Amino acid sequence: MNTKILLSGAIIVLFGITKAQAQINFGEKALGAVQKGMTGFTFSDADAAALSKPAVDKMDAENKVAPATDPYAIRLARVFGKYTKGEFYTLNYKVYLTKDVNAFATADGSVRVFSGLMDVMDDNELIAVIGHEIGHVHNHDSRDAMKALYQKEALIDAASSQSVKISAITDSQLAKIGSAMIDSKYSRKQESEADLFAYDFMKKNGYDVNAEESAFRILAKMSEGTQSSFIDQMMSSHPDSKLRADNAKARAEKDGLYKPYVQKPIVNTLPVVKKTTAKKTTKKTTAKKKK
Ligand SMILES: [Zn+2]
């Protein structure tokens, strides 16, 4: 999927079709500081959200988003629907219908879960993995990643030709931001802190914390097996799953909560029974037979 985004970006550059532009409102301070080449400038949560939002919109437009009536979307809403309010962000959830095993959350609070991940994780395990992604947002990792990208990718060029407050970001730059958001490279420290966030989140909300270990064991197993191609992205941007599983287990043991986790059934389909219709049909048939 990532390749697809990069490719579409590349095609746009090749043919020079850079007309599609998004207007992004940045804090005046941040923009000015970047133009002056300052490194320690203030880059607020709002700036990061402003930069992330159009990139997420672009990805939503380019991916197969599960409609609200889709079983995957219904399941995600059931599991996460109540968790939309963070300290400084409001979360919104969408499912991308793709075999890839991945999930990401961006600085504007957009959480995107790939159906491939939902195929291999039960509800508790999903909470562990998605909780980790939300942890990156909560811990400002996503904001800091956006800030670094903003400086590195010389978005300043586009910005400087515009008014101070509004910068026009080209489509290919948006694609670059998008793929960087999916493949965000966080430090080991940031990764383990996000894992800890997921663990605490589960504990606080009464979920079985052992699902965290289980989720990482699944990822570790998949990366060794035939499904490894689907998991490459998640693996490449995240440290050793085995180690993360061991750490999750150690945390649970320390809390006296450890118990080997047994995966619950994974249901990504709607219940099939339509009792009323079925009964009516039966009755009609019976009545006809009687005649
Ligand atoms: Zn991470």
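In the predicted model, helix H3 (residues 45–62) and helix H9 (residues 171–182) have axes that come within 9 Å and cross at roughly 90°; helices are DSSP runs of H or I of at least four residues, strands are runs of E of at least two, and both are numbered from the N terminus. Axes are lines fitted to C-alpha atoms, for helices over the stretch in contact, with angles from 0 to 180 degrees between N-to-C directions. H3 is therefore roughly perpendicular to H9 (65 to 115 degrees; under 35 is roughly parallel, over 145 roughly antiparallel, the rest oblique). Leu51, Ser52, Pro54, Ala55, Lys58 and Met59 of H3 meet Leu174, Ala175, Ile177, Gly178 and Met181 of H9, contact requiring C-beta atoms, placed from the backbone, within 7 Å.

Residues are numbered from 1 along each chain as its sequence is written. Because the model is predicted, local features need pLDDT of at least 70 and side-chain atom pairs count only at pLDDT 80 or more, while totals for chains, interfaces and linings use all residues.

Three strands form an open sheet of mixed pairing in the order E2-E4-E3, where pairing requires at least two DSSP bridges between two strands. E2 (92–96) and E3 (103–105) are the edge strands, each with a single partner, so one side of each lacks a neighbour in the sheet. The twist averages 15° from one strand to the next. E2 runs parallel to E4 (residues 110–114), to which five bridges join it; Lys94 has Arg112 in E4 as its bridge partner.

The axes of H11 (residues 210–224) and H13 (residues 241–254) come within 8 Å and cross at roughly 165°, which means that H11 is roughly antiparallel to H13.

Note on methods:
Two residues are in contact if their C-beta atoms, placed from the backbone, lie within 7 Å.
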